[in-house]
Amino acid sequence: MIAKLYFRYSAMNAGKSTMAIQVAYNYEEQNRTVLVLKPQIDTKGEDTIISRIGIKRKVDYLLTKDDSVLKIINTELEKNHKIDAIIIDEAQFLNEKQVDELYYLSKKLNIAVLCFGLRCDFTMKPFPGSARLLAIADSLEELKTLCECGKRKATQNLRLVNDIPTFLGNQIAIDGEDHVTYKSVCGECYINYYLKWQKNKSKIQEKPLIKERIKK
Ligand SMILES: [Zn+2]
């Protein structure tokens, strides 16, 4: 059987990192070799995957946007390191080319590739990595978590700056940095927050993100 490219996606705080670490552990328990990767853009935890429930795992490679996954894997194989699976956390930050390389690796080198990431950003737009993964992954699975209303599953990421919901800003702002935090909410709660924000927009003196201020 030929290996698959998997994309397990969700809103934030649905346990993606926990699951990525768990999957790596399961492979290793069966004496199979995994390579754990993470795009470097995510500064949270740096070269470590940190799950909310406290378990951690060091990543083997931090991928920059210019890195070729194919090159990294070929170098590993040349060193006679067997690879049964590639596990990627924060896969939404991969670029399109890297996702295509992962697809190629699964089919031509028969390595299972398991990507964990967000489906879309705080404005409901897909990240480049998620868009490509949603388009070409052999297997898609949604990891579910409940909205704060307790009624429906959370599908969207609400961004808060200084605890105030916002719908403007850069696509990437890391949780916990520059007063940015996130809340995973259902579609209905998301729309309600949006309508409220729109109504009060002129009243709220939004502090722009530090990164945006630098850009100007
Ligand atoms: Zn809700």
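Biologist: What should I know about the numbering and the model before I start?
Modeller: Residues are numbered from 1 along each chain as its sequence is written. The model is predicted, so local features need pLDDT of at least 70 and side-chain atom pairs count only at pLDDT 80 or more, while totals for chains, interfaces and linings use all residues.

Biologist: OK, which domains does the protein have?
Modeller: The assignment gives domain 1 (5-142) and domain 2 (156-204), with bounds that come from an automatic or database domain assignment. Taken over C-alpha atoms, their centres are separated by 27 Å.

Biologist: Which residues of the largest nonpolar core touch the most other members?
Modeller: Of its 47 residues, those are Ile86, Ile87, Ile88, Val113, Leu114 and Cys115. Such a core is a set of buried Ala, Val, Leu, Ile, Met, Phe, Trp, Tyr and Cys residues joined through C-beta atoms within 7 Å, and buried means that 20 or more other C-beta atoms lie within 10 Å of a residue's own, with exposed at 12 or fewer and partly exposed in between.

Biologist: Which strand gives the most to it?
Modeller: That is β7, with 6 residues; strands (E, at least two residues) and helices (H or I, at least four) are DSSP runs, numbered from the N terminus.

Biologist: New topic: why is Tyr61 called partly exposed?
Modeller: Tyr61 is called that because it has 19 other C-beta atoms within 10 Å. Tyr61 lies in strand β5 (residues 61-63) and, not counting residues up to four places away in sequence, touches Leu37 and Ile72.

Biologist: Last one: at what angle do α3 and α4 cross?
Modeller: Helix α3 (residues 96-108) and helix α4 (residues 128-136) cross at roughly 35 degrees, and their axes come within 8 Å; axes are lines fitted to C-alpha atoms over the stretch in contact, and angles run from 0 to 180 degrees between N-to-C directions. Among the residues making the contact are Val99 and Tyr103 of α3 and Leu133 and Ile136 of α4.

Definitions and conventions. Two residues are in contact if their C-beta atoms, placed from the backbone, lie within 7 Å.
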